[in-house]
Amino acid sequence: EPALIFDLGGKFDKSFNEAAFNGAQRWAEETGGTYKELEMQSEAQREQALRRLAETGANPIVMTGFAFGDVLNQVAPDYPDTQFAIIDMVVEQPNVQSIVFTEEQGSYLAGIMAAQASKSGTVGFIGGMDIPLIHKFECGFAQGFKAAKPDGRVLINYTGTTPAAWNDPVKGGELAKAQISQGADVIYAAAGGTGIGVLQAAADGGILSVGVDSNQNHLHPGKVLTSMVKRVDNAVYDTFTNGVEPGVKVMDLKAEGVDVAIDDNNKPLVTPEMQAAVDEARAKIASGEITVHDYMTDNACPVQ
Amino acid sequence: MTQAQGRLETAAPAAIELRAISKAFGPVQANRDIHLRVERGTIHGIIGENGAGKSTLMSILYGFYKPDAGEILVGGRPLTIADSQTAIRAGIGMVFQHFKLVQNFTVLENIILGAEDGRLLRPSLSKARGVLRRLAQEYELNVDPDEVVENLSVGHQQRVEILKALYRQADILILDEPTGVLTPAEADHLFRILEGLRAEGKTIILITHKLREIMEITDTVSVMRRGEMVASVRTAETSPEQLAELMVGRKVLLNVQKTPATPGKPILEIRGLRMADAAGVERLRGIDLTIRAGEILGIAGVSGNGQTQLLEILGGYPEKGSTLSGEIRMNGVPLPVAGAACNAAERRRQGLGHIPEDRQAEGLIMDFAAWENVAFGYHDAPEYGRGPLMDRDAIRRDAEGKIARFDVRPPSCDLAARNFSGGNQQKIVVAREIERNPDLLLIGQPTRGVDIGAIEFIHKRIVELRDAGKAILLVSVELDEIMSLSDRIAVMFDGRIMGERLPGDTTTGDLGLLMAGVDAAPQTQDPPSREP
Amino acid sequence: MEKMPKWADVLLTPLISLVLAMAISALVILAIGESPWEALTTMIDGALGSSYGWGFTLYYATNFIFTGLAVMVAYHASLFNIGGEGQAAMGGLGVALVLLSLPLPHWALALPAAMIGAALFGAAWALIPAWLQARRGSHIVITTIMFNFIAAAALNYILVNLLRPVGSMDPASARFPNETHLPKLSDMALSLGVEWGKNTPVNISFFVAVIACVLVWLLIWRSRLGFEIRAFGKSEPAALYAGINPVRITVIAMLISGGLAGMMAINNVMGEAERLVLNAVEGAGFIGIAVALMGRNHPLGVFLAALLFGFLYQGGGELALWTSIPRELIIVIQALVILFTGALDNMVRVPLERMFMAMRKRGA
Amino acid sequence: MDLNTVLQILDSAVRLMTPLLLACLAGLYSERAGVFDIGLEGKMLMAAFSAATVAALTGNVWLGAMAGLLGALMLSAVHGIASITFRGNQLISGVAINFLASGLTVLLGQKIFGLGGRTPSLTPGAELEAQVGPFRAWLSGIMGPDTAGWLTTTPRMTGITLPFAETLGNVPVIGPLYAEVISGHTILVYVAFLMVPLTWWVLYRTRFGLRLRAVGENPASVDTAGVSVTRLRFAAVAIAGLLCGLAGAYLATGLSAGFVKEMTAGRGFIALAALIFAKWRPWGALGATFLFGLLEAVANRYPNLDLGVITVPSMFMNALPYILTVIILAGFVGRAIPPRAGGEPYVKER
Ligand SMILES: Nc1ncnc2c1ncn2[C@@H]1O[C@H](COP(=O)(O)OP(=O)(O)OP(=O)(O)O)[C@@H](O)[C@H]1O
Ligand SMILES: Nc1ncnc2c1ncn2[C@@H]1O[C@H](COP(=O)(O)OP(=O)(O)OP(=O)(O)O)[C@@H](O)[C@H]1O
Ligand SMILES: [Mg+2]
Ligand SMILES: [Mg+2]
């Protein structure tokens, strides 16, 4: 029986925990199987949860979030017969599969689309808590945008420095309004619950927004340009179905790990040129013609 | 009840009649089966030791407390006084021992509070202004209606309280110890007003400790002791001695026995001490005083004329934010008047003892056990512990001795200070400070809230300390206490020493004038005599 | 003279309050359509049913002992320290800096060094609110709350920009050297030949916390300084009269308080995570308030209340892990416990006092 | 910085200050009556949740707002019972209320919507329709589909364009100021601003205000004047609840469209600091909350303040309101004297 552990944000975080949950649900519905799931309550529980699941015989065990990396490194050797998969972090153990996403690539595509959709030449990025992971999204987005509009401008805001930064839609909305007033006409939100306020303010303000992690296009049909989806659901689904292959699994554009979502809700917004630009960039990234810089490698972003 | 009460009964319904009133606060039985009858158009005095239950009884009448049992008749009709609103409607007004004024409201706002005429203030205020002007003329109760209460003197605050009652058209006026805070002249003025009110047919209940006042103004008087009403008599048919005996339950020596003082070298010298409080108001305006070994210097004065500040400065803890200047020497050594070096603990090490004016707020930690309070202020003393730790056994042994020698009742080390009666609380403080054998003892209001028996005892110990060659500074608002205990008397008024007198050479009238800021004998005033 | 016996005051009242809080909690559980009985058994089983559960319960309790003692010491000086959260977070920074910068060869050396670092940083974070309260009269409740926010921001900055190893996504410091890892209670039990609490985070800090209880007891009830703190807390005018300097006592009490809160970091940061992560305190600073109040501001009470909250935390965690009850239920239970034992204390106490008075009257 | 930027920042400041102002005035009533209230945060959160929940279930924001008031009022009642009736510690009661709100909102939200404590977004769409549908159907049965439809299609508050905003817009300075900053907010913003003079008037011009201030300074004076201290304090605590209710409703249904867990994000504490800064006065509250709103608006607009020599990092800018609060409290605006009886339960008999 497989198991899934969610990080502290909880499985309804409208973000990657929820995506993981959706993947597990899909697997359960399709196969009729059952799986165990756990939500973290505190830092100290990480190890507890891992061990408890391993001891009850769950296999494979999938966990979401970089915060598990450290603990998994300690726990995995104790259960050589159990297979683990960790999302968003690299853990080098023989029985661990590390699944990482190239958020910068997806964000790059979102940047391209934003550049096409923007009339003012100014777009915005709103991040949640000011941590490196979110800078990765920011940097990819900026690269894509600048590639299409080299003299355009990206406005950047972070909501805060406490966990409250993930749950402050009021502040998110206000930041979006501030960016709108500075001319931004597409805003990319990578801010958890705060992002709901950003998308709302963008819709109210008559501009476009870009959702994150899950497909959020439906939240404001016709007003969300696209969503940078991170197919955590696919990763979970695959792992549940096929088991764990130890090593690092990079869920990049090529592997359809990240992408920009295009569906009925945003079809009318996606012009043929935009579609063409995205397709071209996607192909070039896949072929290696374009490399999107990953902020995490050197804590710096080539464009600003 | 008593024969005396029987004689008081007349045909007309009494203004107030209390029947079998009882009231307990937790384990304390404050009032027990009280009967009282007050005739219309009379002034009725109530006396009794502190804690006898006078204020409680009156607060019940005013609806502030609810009685546990008993019945109240107003104008002959039974009335359940559930709250003060009922009492006010029944024409009862009360001036509390501790005023119930809002300090940062104006006089006018305080007067209308709770007696407004409508939802909006403006009409009430203008109406009250008119009524106030009329009352002020009628009763000579002048106060500025727009002054903020905290800027008024205590006497004026009391006027506001009386005006509050009159504004509510009180027919029955209760005054709880009104003269404790007044100069003799102010007290006389108050009595004239009360007489005027009586002439109009109003009924007045007057609580006081001062037998002289009872004899002077009341028509009838009741005596309370330990929560019970022990007698009600016509004033004309009794005497101060009889009343005192009724109060305490035994014969009392009203005078202190002491030999003449033999002053030695100066212990405390104060020169040009000035102090302005945090708000910049000058509280002390140049104090010069000398106290010698083996003498008691009494400082008389209405409270609020700088005595508190003087004691605090000498005690080493001047008011926060105040500015000080001048010179203080103890045993010839100059003491810092301000700054970090000016510290009560340091003063104690230099041989100062201090019985503070307010034992409950300053002298004791009410929640600490008796033994802890015995160490309070001296908790750094080497005999009370080793290094940073305290030696409980040593302290308790010491405390047990003090409690025994000072006859503190109950003689329990572990009882919290809060659970001792006022007199016994004071004995703990006095024992702690006197037994340290200080060179200089500051005493503020040593017998406030203390029963007559304990007063005798405390006075005796103070005189003994003097006879042991120590210097004593005694501050008291009780002129009788000052007169009988002091070897020399200084009168404070408005932050100054108005004059010095020897107890044998002066009268209460003379002192009263000084206390009011009038110097009847200018020859001794300037410069203030420094030599005894 | 006392209204009721001491045991009734210190034991019966909180116990009844606790039962009331639990009863209301049961109603809440019913309201969300779950079974209170099942919830209770899951909690008890998960927290106390095995040495494993105990290992976690004691681990959480260790955190709460430190923060509870911190609130308690300040409370005796009549200061309401709501800043335990920020002080504990800063204590974590102190631990991390010490362990990452000093080459400490053995945990026996690392522990005292880390304790000093933790206490110093925690105390420093309490110093400014204390000083502002003493000198400027700025309300310590507000300033300590603000300092919680500021600590979070500062820590975020430091972790992300200064302490994070390059290339790591995780806003966390590097791992502390292996030599500095604290012995776990399970290891200690194993060396005695007993298998106890395998893989639980409870570590030697628990004993440090117990010692801290004793030391705080000595401080408050047996030392001259404690005498001054208590006297000042009961009555500031009296303290002035006795020559106790209010500024000094306020600052000292808050330094001790902040130091104790900071010391929590030896448990969660050094003992459990073995590195400094973002938001490592996880609300233990606030729980400390409840712990101190429930413990009647006595170290023994704090110890017992910390156990209770450790139980609630671990039991509640198990509840959320294995049932469909959301973890927020624990927060509600905590709120109710605080409400009933802290704020609605008189609701239970007054009738009890009446009862005892009536009994005494009848007996007399 | 051109005029337009200034106006936009001011506009943002007005929105951001509104919940602070309402909460601050709530605290003002309560504390002026002698009841300290650090539970403003919790009450706001509860109100935000109740408002968003009912708005999401009925599609009617005004019903939502009423529910918000009720939610906050319930917690006020808890505070009143604990600190007035049972004379408990007001700070502890406040702490408990904050915990209670933070737990209950998610617990109930999860129970009702199953969205992890979030309510559905209050914008017309499938998510909302799923909730409102049954209610509308039920309502149609009672009052017909037209009325029901009309009643259930205002899930959130919309801005009000004040009269002449368009025509005046061309007048220099004043025009844009009126059109951009003053006009176009939701009704609760105007309510909040009107509460300031109203509060002043109630406090200083009415009998109720006189008694309220008196009970916070010296409850015994009120008691001996024959007015019930308990009733007055309960009234004050209730008014505080109502104002917190408005603040919460504004957060969830005016400023954003729906509830997200912990969405008050510390605003109750900032309001409390503003109250002290305001020295417990209504006009001061306006000034203090405007300052905080302005600070946040500026930090939003200039996330990395470039001062030429150094660039202030965003983390610092985000913490700025808290740092400033401490600096303000440190007495650079003079010592604030709280109501004298504040924090003390009124005890007649020991
Ligand atoms: N609010 C109260 N709570 C508890 N006990 C009280 C309260 N008020 C008075 N007592 C107690 O009741 C008793 C009677 O007090 P009361 O104030 O009536 O005495 P009193 O005769 O007015 O004394 P004083 O001369 O000091 O004014 C005292 O033992 C006192 O400690
Ligand atoms: N404007 C108001 N807002 C909220 N509550 C109020 C308001 N005015 C009065 N109250 C509440 O209603 C209670 C009754 O007030 P009101 O002023 O009507 O008293 P009343 O019945 O006229 O009594 P009194 O005879 O003392 O004047 C007050 O104590 C207060 O608690
Ligand atoms: Mg009295
Ligand atoms: Mg009326």
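**View 1. Glu274(C) is buried in this predicted model, with a relative accessible area of 7%.** Buried here means under 20% relative accessible area, with exposed being over 50% and partly exposed in between (1.4 Å probe, protein chains only). You'll find Glu274(C) in the loop between helix H12 (265–273) and helix H13 (284–294) of chain C. Helices (H or I, at least four residues) and strands (E, at least two) are DSSP runs, numbered from the N terminus. The backbone deserves a look too: phi of Glu274(C) is near 60°, a positive value in a residue other than glycine. A quick note for all the views: this is a predicted model, where local features need pLDDT of at least 70, side-chain atom pairs count only at pLDDT 80 or more, and totals for chains, interfaces and linings use all residues. Residues are numbered from 1 along each chain as its sequence is written, chains are lettered from A and ligands numbered from 1 in the order in which they are written, and side-chain values use heavy atoms, leaving out hydrogens and water.

View 2. Contact means heavy atoms within 4.5 Å. Lys184(C) is itself buried, at 16% relative accessible area, and sits in the loop between helix H6 (140–163) and H7 of chain C. While you're in chain C, look for Asn199(C), which has a positive phi of about 60° although it is not a glycine. Asn199(C) belongs to the loop between helix H7 (185–191) and helix H8 (205–222) of chain C.

**View 3. Ligand 2 sits in a site shared between chains, because residues from chains B and D surround it.** Chain B brings Arg119(B), while chain D brings Arg207(D), Phe208(D), Arg211(D), Arg231(D), Ala235(D) and Ile239(D). To count as near the ligand, a residue needs a heavy atom within 4 Å of it. Sorted by class, that shell has 3 nonpolar, no polar and 4 charged residues; Ala, Val, Leu, Ile, Met, Phe, Trp, Tyr, Cys and Pro count as nonpolar, Asp, Glu, Lys and Arg as charged, and the others, Gly among them, as polar. In chain D, helix H9 (207–217) and helix H11 (229–255) each supply at least two residues of the shell.

**View 4. Arginine side chains from both chains approach oxygen atoms of ligand 2.** An N or O atom in the side chain of Arg207(D) is 2.5 Å from a ligand oxygen. For Arg119(B), a polar side-chain atom lies 2.9 Å from an oxygen atom of ligand 2, and for Arg211(D) the separation from a ligand oxygen is 3.3 Å. The protein covers 57% of the 630 Å² of accessible area that ligand 2 has on its own; accessible areas come from the Shrake-Rupley method with a 1.4 Å probe.

**View 5. The peptide bond from Asn59(A) to Pro60(A) is cis.** Its omega is near -5°. Pro60(A) lies in the loop between helix H2 (45–55) and strand E3 (61–64) of chain A.

**View 6. Helix H1 (residues 3–8) has the lowest mean pLDDT among the elements of chain B, at 44.** pLDDT is the predictor's confidence in each residue, from 0 to 100. Strand E20 (residues 471–475) has the highest mean in chain B, 95. Over residues 1–8 of chain B the pLDDT is below 50, and this stretch has 16 contacts in the model beyond near neighbours in sequence.

Technical notes:
A polar contact is a pair of N or O atoms within 3.5 Å; within protein, one must be able to donate a hydrogen and the other to accept it, and residues adjacent in sequence count only if both atoms are side-chain atoms.
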